[in-house]
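Subject: Structure handover

Hello,

The structure I mentioned is placed below, followed by notes on what was found in it. Please read the notes with the structure open.

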Amino acid sequence: MQPKNGVAKIAIFFETANKKLRKMINCLQIIQFFYPDNTQLRRLLMQHSTQVRDTALRILSDERNAGYDIDVRLVSDGAMLHDIGIFQCHAPSIFCEGKAPYIAHGVTGAAILREYGHRNGLDLEAYARICERHTGSGITADEVRAQNLPLEARDYLPETLEEKLICLADKLWSKSSPEKEKTIDEARRSLIKFGVDSVDRFDELCKLFHQR
């Protein structure tokens with residue numbers, strides 16, 4: 001009986017593993033679902049997302065960050081999906097022809113990922129959180145109210161290391177000028193419009209990942 005029990009346990013193990021593998025996300029498949037045509041917007045999205053992914057992985061490869069327990073797969077796929085919601089926003093200069101204000105692209109991206117995950121039996125919550133917490137250096141409920149931003153008044157701050165790393169890497173690239181990576185000082189200046197606290201949070205991200 002023992003061998004049979006052992007065989008049964010092995011079979012259950014591989015069945016469970018296979019189910020998990022089937023549930024692993026394919027970020028390119030998700031992008032294809034929402035951006036099926038080879039439009040200028042899709043090409044810009046792919047360019048920017050790849051730049052953010054590569055920069056995040058480069059920062060992570062710094063030996064000074066070797067002690068961090070970070071899910072590299074989540075960083076890679078999360079960076080590719082962080083701007084998935086831009087097609088629903090209005091920003092004609094970067095080919096976005098939707099109706100939502102552009103500052104809401106993280107929230108809209110989170111919403112469509114959660115819905116996609118629900119429909120396809122995927123847990124995309126970690127990716128949805130990356131979407132809604134990467135704008136600026138994060139946004140607080142107080143900032144939403146003080147600046148009258150078109151968002152629900154709650155905190156949109158990166159909390160996990162993966163969220164913080166992608167938020168930082170995203171600040172070093174602009175979809176409006178995708179040909180050149182920003183310096184730390186250039187990224188800092190671009191955040192002034194969000195307020196001093198936003199710049200301070202960016203500095204904290206730089207310090208966390210040794211990018212000063």
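A residue is called buried when its relative accessible area is under 20%, exposed when that area is over 50%, and partly exposed in between, with a 1.4 Å probe and protein chains only. By that rule S198 is buried, with a relative accessible area of 0%.

Two remarks on the source come next. This is a predicted model, in which local features need pLDDT of at least 70 and side-chain atom pairs count only at pLDDT 80 or more, while totals for chains, interfaces and linings use all residues. Residues are numbered from 1 along each chain as its sequence is written, and side-chain values use heavy atoms, with hydrogens and water left out.

S198 sits in helix α10, residues 196–208. Helices here are DSSP runs (H or I, at least four residues), as strands are (E, at least two), and they are numbered from the N terminus. Contact means heavy atoms within 4.5 Å. With neighbours within four places in sequence left aside, S198 is in contact with S137, E143 and L191.

Helix α4

Which residues of α4 are buried? They are L74, V75, S76, D77, G78, A79, M80 and L81. That is eight of the ten residues of α4, a helix that is mostly covered. The buried residues pack against α2 (27–34), α3 (40–61), α5 (105–120), α6 (125–132) and α8.

Two packed helices are described by the angle between their axes and the distance between the axes. The axes are lines fitted to C-alpha atoms, for helices over the stretch in contact, and the angles run from 0 to 180 degrees between N-to-C directions. Angles under 35 degrees count as roughly parallel, over 145 as roughly antiparallel, 65 to 115 as roughly perpendicular, and the rest as oblique. A crossing is right-handed if the near helix is turned clockwise from the far one by less than a right angle, and left-handed if anticlockwise.

For α3 and α4, the packing angle is about 155° and the axes are 7 Å apart. The two helices are therefore roughly antiparallel to each other, and α3 passes α4 in a right-handed crossing. On the α3 side the contact involves M46, S49, T50, V52, R53, A56, L57 and L60, which meet V72, V75, S76, A79 and M80 in α4. By class, this contact has nine nonpolar, three polar and one charged residues. In this scheme Ala, Val, Leu, Ile, Met, Phe, Trp, Tyr, Cys and Pro count as nonpolar, Asp, Glu, Lys and Arg as charged, and the others, Gly among them, as polar.

The other pair to report is α4 with helix α8 (residues 161–170), which pack at an angle of about 45° with their axes 10 Å apart. These helices are therefore oblique to each other, and their crossing is right-handed. L74, V75, G78 and A79 of α4 make the contact with E162, L165 and I166 of α8. The residues of this contact divide into five nonpolar, one polar and one charged.

Salt bridges

How many salt bridges does the structure hold? There are 19, a salt bridge being a side-chain nitrogen of Lys or Arg within 4 Å of a carboxyl oxygen of Asp or Glu.

One of them joins R73 and D77, with the closest N and O atoms 2.5 Å apart. These two residues are four residues apart in α4 (residues 72–81), so about one helical turn separates them. R73 is partly exposed at 40% relative accessibility, whereas D77 is buried at 7%.

Another salt bridge links D185 and R188, whose closest N and O atoms are 2.7 Å apart. They are three residues apart in helix α9 (residues 184–190) and so are separated by about one helical turn. D185 is partly exposed at 45% relative accessibility, and R188 is partly exposed at 23%.

R154 forms a salt bridge with E152, and here the closest N and O atoms are 3.6 Å apart. R154 is partly exposed, with a relative accessible area of 27%, while E152 is exposed, at 55%. Both residues belong to a network of salt bridges that links R114, E125, E132, E152 and R154.

M24 and L122

M24 lies in the loop between α1 (2–23) and α2, and is partly exposed at 42% relative accessibility. M24 and L122 are 98 residues apart in sequence, with a C-alpha to C-alpha distance of 7.7 Å in space.

Regards
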